[in-house]
Amino acid sequence: MSTGTDPRPSAAAGSPARGGVHHSTRASIAPRHLRRDRWWLPPAATAAGLLAFVVYSTWRAFADERYYAAPYVSPFYSPCLAERCVPMKDGADWEVFGSWWALSPALLILIFPLGFRLTCYYYRKAYYRGFWASPPACAVAEPHAKYTGESRFPLVLQNIHRYFFYFAVIVAGILTYDAVLAFRDERGAWGHMGLGTLVMLANIALIWAYTLSCHSCRHIVGGRLRTFSKHPVRYRMWGLVSRLNARHMLLAWASLISVALADLYVYLVAGGVFDDPRFF
Amino acid sequence: MTRVDRQSWDVVVVGAGGAGLRAAIEAREQGLRCAVICKSLFGKAHTVMAEGGIAACMGNVNANDNWQVHFRDTLRGGKFLNDWRMAELLAREAPDRVWELETWGAVFDRTPDGRISQRNFGGHEYPRLAHVGDRTGLELIRTLQQKVVALQQEDFRRHGDHEARLKVFQECTVTRVLRERDVLSGTSRVSGVFGYERESGRFLVLEAPAVVLATGGIGKSFKVTSNSWEYTGDGHALALLAGARLVNMEFVQFHPTGMVWPPSVKGILVTESVRGDGGVLRNSDGKRFMFDYIPDVFKEKYAETEDEGDRWYTDPDHNRRPPELLPRDEVARAINSEVKAGRGSPHGGVFLDVSTRMPAEAIRRKLPSMHHQFKELADVDITAEAMEVGPTCHYVMGGVEVDPDTAAAVGVPGLFAAGEVAGGLHGSNRLGGNSLSDLLVFGRRAGLYAARYAAGVDAAGRPAVSDAEVASAEAEALRPFGAEEATGAAENPYALHQELQQSMNDLVGIIRKAPEMEEALRRLSGLRARARRAGVEGHRQFNPGWHLALDLRNMLLVSECVARAALERTESRGGHTRDDHPGMDRRWRQARLVCRLADDSTEPAAEDPALGRIRLERQEPPAIRPDLLELFEKDELKKYLTDEELTR
Amino acid sequence: MSYQARFKVWRGDAGGGGLTDYEVAVNEGEVVLDIIHRLQATAAPDLAVRWNCKAGKCGSCSAEINGRPRLMCMTRMSVFDPEETVTVTPMRAFPVVRDLVTDVSYNYAKARDVASFAPPADLKPGEYRMRQQDVDRLQEFRKCIECFLCQNTCHVVRDHEENKPAFAGPRFLMRVAELDMHPLDAAAEAGVDRKAAAQEDHGLGYCNITKCCTEVCPEHIKITDNALIPLKERVVDRSYDPLVWLGNKIRRRGAEHGT
């Protein structure tokens with residue numbers, strides 16, 4: 001009987017020919033949506049922003065030049081793991097891959113930050129909406145006939161996000177080391193600070209903030225616990241990460257831009273476009 | 001005649017708020033098959049509006065609390081007109097009912113040592129209200145809803161059908177409690193209910209030997225009210241029409257703090273917790289006027305200076321509480337007087353201020369839904385500015401006369417009532433927080449005794465539902481569709497409803513006078529005649545005009561009870577304030593006013609519009625048990641009890 | 001401050017229907033539900049609409065206003081330009097019953113599929129001890145008023161009717177998260193694995209965390225960040241963590257050898 005809380009049988013038996021908002025049981029409204037605001041703007045802006053970064057980073061990753069301007073190293077090329085890397089005084093240029101590696105050394109390392117960001121809960125939302133229109137915006141019907149979300153291969157692999165998080169922590173550690181080295185001058189003497197040092201510092205701060213604000217991090221430090229009261233330290237850490245996590249989207253964009261700007265800075269200085277302004 | 005769907009159940013519960021669901025859970029746990037009927041969707045009942053908490057003397061915050069203190073507070077709040085046995089049961093059983101909710105998944109706010117936190121509230125001597133922020137009612141209803149689902153899951157495992165033994169008929173309205181008459185003895189007993197599905201307009205009959213009324217209150221008869229559309233006095237009217245009686249109907253609680261602006265939200269509740277947590281009332285001169293309104297009976301209990309009142313929040317053992325926390329009737333009257341004296345706020349209320357008394361962060365944490373409500377509905381940030389508030393019709397103390405232990409309606413075998421629809425417990429004025437404990441304590445009792453009653457009726461002895469009675473109920477329900485053909489001009493039910501609300505608000509509202517109430521009775525009689533011509537367009541499928549036309553019968557019946565009883569009681573007490581009889585009269589404590597239907601016929605045509613349908617009787621309440629009287633000081637009792645009673 | 005507003009309201013039933021134009025008075029401080037009520041009292045007495053508390057506490061008056069899922073009682077008319085036509089339709093993810101009323105029984109069926117709170121066997125009523133910091137998370141979820149706007153806006157079922165059997169929707173995945181975070185829930189002892197159920201019975205994998213549920217929540221519950229993602233992470237703990245997987249494998253081996 002329809003008055004109970006059981007669903008009526010007719011609801012399930014409706015014609016599946018046209019699914020979604022045009023399903024035969026639903027209110028017959030022809031347009032896919034009735035939104036009047038500029039709902040397309042956020043996904044379009046997101047797509048444009050991500051696309052710009054992809055183009056820039058692809059070019060820079062394959063460029064294989066102008067990534068070191070002592071004492072600064074581009075974050076795209078650190079750690080630099082091939083024999084062909086430019087020598088960096090005390091830097092993270094370890095010759096793990098011999099001379100047989102003929103491609104850009106950036107490709108060896110970028111897979112980790114790329115994987116971290118690709119599986120990040122914020123970026124997933126951004127590109128599902130921006131590129132895949134699934135959905136393009138809330139209450140705007142998506143164009144796909146079928147949808148299984150992240151329940152099957154390949155998207156079920158999004159669940160490996162936390163392993164990328166572990167790698168991201170290592171990479172952030174190395175970039176921190178790079179930022180420390182930016183306090184030496186080009187000859188390796190401590191006590192230097194240039195505009196580049198500030199660029200490196202700002203970048204690493206944002207990288208850390210983004211990395212630590214990650215949902216997986218929030219889960220690992222405390223979210224997985226059932227009783228916070230028995231783990232006061234982890235509860236405090238969870239509280240801190242939660243506060244960062246609330247700004248995860250902001251940090252995702254800020255760190256994306258800062259990493260590109262840091263690379264661009266090194267590129268320009270290494271190419272001699274201008275000299276790194278020195279403070280002392 | 002259309003075919004009417006008939007089903008057979010053991011217990012039918014009308015209403016799926018706190019009391020109804022608690023009764024249904026109990027009946028089902030007693031092993032009976034139970035159906036619940038509610039006007040809204042399952043889980044939307046008016047109980048969600050309860051904000052402050054559940055009064056229960058668990059003593060988690062102040063260990064001095066016990067049931068005797070709770071009992072005492074309840075009687076004081078009700079000005080000794082309460083049914084003492086119900087008040088005793090409430091005070092004794094409330095803690096168990098709250099703890100039981102935890103085992104069903106309720107998550108209350110906690111004390112530092114992990115127990116259920118309790119907060120202060122008007123009229124309660126100790127912090128007593130178990131709460132969840134300011135959304136306790138939602139937690140209560142959700143917990144009961146989820147317990148119902150848990151039982152249904154159990155039934156599914158056992159019988160393969162979720163609804164085998166406990167079913168919720170949502171969006172259905174009951175228009176009649178059906179009875180089987182014994183021609184020989186002239187008595188009658190409950191045989192089921194007749195109602196319609198709001199969605200399809202189809203009629204249905206649920207046959208059952210026991211029916212529990214848990215329909216809530218009557219607020220929709222008043223214009224400014226905190227109550228939702230459901231509160232049309234259905235259970236009150238169903239009980240009257242089934243031969244039961246209503247007591248204490250003159251006592252209607254006006255909550256002191258409802259929103260007054262903007263007009264469309266006028267009446268929406270501002271929880272008492274605002275004051276319990278430190279909010280103060282000020283008039284347009286900025287004065288905390290409540291210090292001028294402490295009545296003599298409460299003089300020793302309340303602070304005389306602002307300093308003392310403020311100290312109480314942190315040191316309640318050595319200071320008296322601020323008068324903002326007087327029982328609701330006192331505060332409501334005080335606000336009314338200030339506004340009448342020209343010291344009101346711009347929109348006709350007074351100022352309720354927490355912004356200068358608590359840090360913004362604490363306000364957002366302790367009063368999240370108030371913050372949200374004012375922000376979204378009135379564009380007022382309560383962390384930065386004062387709220388404007390005024391009295392709003394909130395609760396009816398009166399209701400079905402029931403046996404205090406079993407919740408059985410007096411005079412109608414098989415009929416039970418619990419929650420707001422039952423009368424007696426709260427006397428002339430209900431304390432905040434006692435309504436939720438009422439729902440749980442007496443909801444459970446109603447379910448328990450209804451189940452026992454139903455179990456005592458063997459299959460052969462089940463009362464039968466006669467076709468004639470169903471046909472008559474059906475004709476009554478369909479009348480609005482034929483209204484035009486029968487009498488020419490049909491009346492618009494919405495217009496009638498508005499006139500009724502305006503009349504009750506103006507003439508039988510917070511301050512009452514004899515001539516005004518006589519006028520109200522005249523208007524009610526006119527409305528009653530016109531309501532018989534209330535007509536609707538369209539068809540029966542989800543037709544709100546039709547639904548309202550049917551609800552009008554109930555509101556008119558109940559309004560008449562309120563007006564007649566209020567006119568009769570020539571004193572002021574609790575939720576009944578007479579301008580022409582301003583004092584409380586000890587002799588009136590010995591009289592309970594009881595309403596019954598004038599013509600005990602279910603035939604709708606038998607009404608005589610001119611006479612009115614309600615007859616009033618006076619009844620002497622049972623004497624309070626001596627050991628309970630001893631909980632009070634002699635001096636205090638003198639204020640309420642007559643000298644003969646005291647010497648008895 | 002009053003003005004005449006133009007409204008388009010969807011009228012009809014499962015058999016069909018369309019947007020009907022109305023001109024109706026609007027006064028200061030009113031919300032969309034007030035206008036719908038004025039239409040009922042004047043131009044359209046049989047206009048079907050579900051509502052209850054009119055204070056944003058019961059979650060009955062869910063609808064779509066200018067294409068956005070909202071509570072009618074919490075949408076102030078002042079957010080619209082007086083010249084603007086306001087369009088009100090029923091929720092579009094559920095079968096329509098009549099006018100603005102939809103059949104929301106899908107949600108009640110899903111609620112029944114979630115295993116209930118399992119009380120710990122060793123604690124009697126009154127003995128429950130929980131710290132406030134341990135229940136804060138749950139209390140956020142328990143603010144839910146079950147307006148079903150999140151269920152309505154979630155594209156998994158809104159745009160794919162065929163996913164309804166497999167997917168419980170944000171509200172009930174949040175319910176699973178709530179119970180899984182409850183400090184005293186004894187489901188595991190009762191043989192219920194809530195994480196497995198989330199994945200296998202309630203379709204957590206269908207969620208692609210695009211956050212529309214959070215966007216429309218009138219209670220401002222952070223459904224995605226605080227319930228769905230943590231639940232996904234809990235499932236990862238169980239299903240996708242190679243160490244856990246290996247450990248389970250070995251333990252199961254051991255158990256098989258033992259019997």
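How do H5(A) and H7(A) lie to each other, roughly parallel or roughly perpendicular? I looked this up first, and I note that the model is a predicted one, in which local features need pLDDT of at least 70, side-chain atom pairs count only at pLDDT 80 or more, and totals for chains, interfaces and linings use all residues. I number residues from 1 along each chain as its sequence is written, with chains lettered from A and ligands numbered from 1 in the order in which they are written.

**Entry on H5(A) and H7(A)**

I found that the axes of helix H5 (residues 161–181) of chain A and of H7(A) come within 9 Å and cross at roughly 90 degrees, the axes being lines fitted to C-alpha atoms, for helices over the stretch in contact, with angles from 0 to 180 degrees between N-to-C directions. H5(A) and H7(A) are therefore roughly perpendicular to each other (65 to 115 degrees; under 35 is roughly parallel, over 145 roughly antiparallel, and the rest oblique). His161(A), Arg162(A) and Phe165(A) of H5(A) make the contact with Ser216(A), Cys217(A) and Ile220(A) of H7(A), where contact asks for C-beta atoms, placed from the backbone, within 7 Å. I sorted the residues of this contact into three nonpolar, two polar and one charged, taking Ala, Val, Leu, Ile, Met, Phe, Trp, Tyr, Cys and Pro as nonpolar, Asp, Glu, Lys and Arg as charged, and the others, Gly among them, as polar.

**Entry on H6(A) and H9(A)**

I then turned to helix H6 (residues 195–212) and helix H9 (residues 248–270) of chain A, which pack at an angle of about 155 degrees with their axes 9 Å apart. H6(A) and H9(A) are therefore roughly antiparallel to each other. The residues of the contact of H6(A) with H9(A) include Gly196(A) and Tyr210(A) on H6(A), and Leu251(A) and Val269(A) on H9(A).

**Entry on chain A as a whole**

I counted nine helices and four strands in chain A, which are DSSP runs numbered from the N terminus (helices H or I, at least four residues; strands E, at least two). From the N terminus on, the order of the elements is α-α-β-β-β-β-α-α-α-α-α-α-α. The C-alpha atoms of chain A fill a box of roughly 85 × 50 × 40 Å along the principal axes. Of the 280 residues in chain A, 40% are buried (20 or more other C-beta atoms within 10 Å of the residue's own; exposed is 12 or fewer, and partly exposed in between; C-beta atoms are placed from the backbone).

**Entry on chain A against chain C**

I found 50 residues of chain A in contact with 54 residues of chain C. Helix H4 (121–130), helix H7 (215–223) and helix H8 (232–245) of chain A each supply at least two residues of the side that touches chain C, and the largest share, five residues, comes from H4(A). By class, this side of chain A has 18 nonpolar, 19 polar and 13 charged residues.

**Entry on two residues of chain B**

Is Asn319(B) buried or partly exposed? I place Asn319(B) in the loop between helix H7 (306–312) and helix H8 (328–340) of chain B, and with 17 C-beta neighbours inside 10 Å it counts as partly exposed. Arg569(B), in the loop between helix H15 (544–568) and strand E19 (592–597) of chain B, counts as buried because 23 C-beta neighbours lie inside 10 Å. Not counting residues up to four places away in sequence, Arg569(B) touches Glu250(B), His576(B), Trp588(B) and Leu593(B).

Methods
Two residues are in contact if their C-beta atoms, placed from the backbone, lie within 7 Å.
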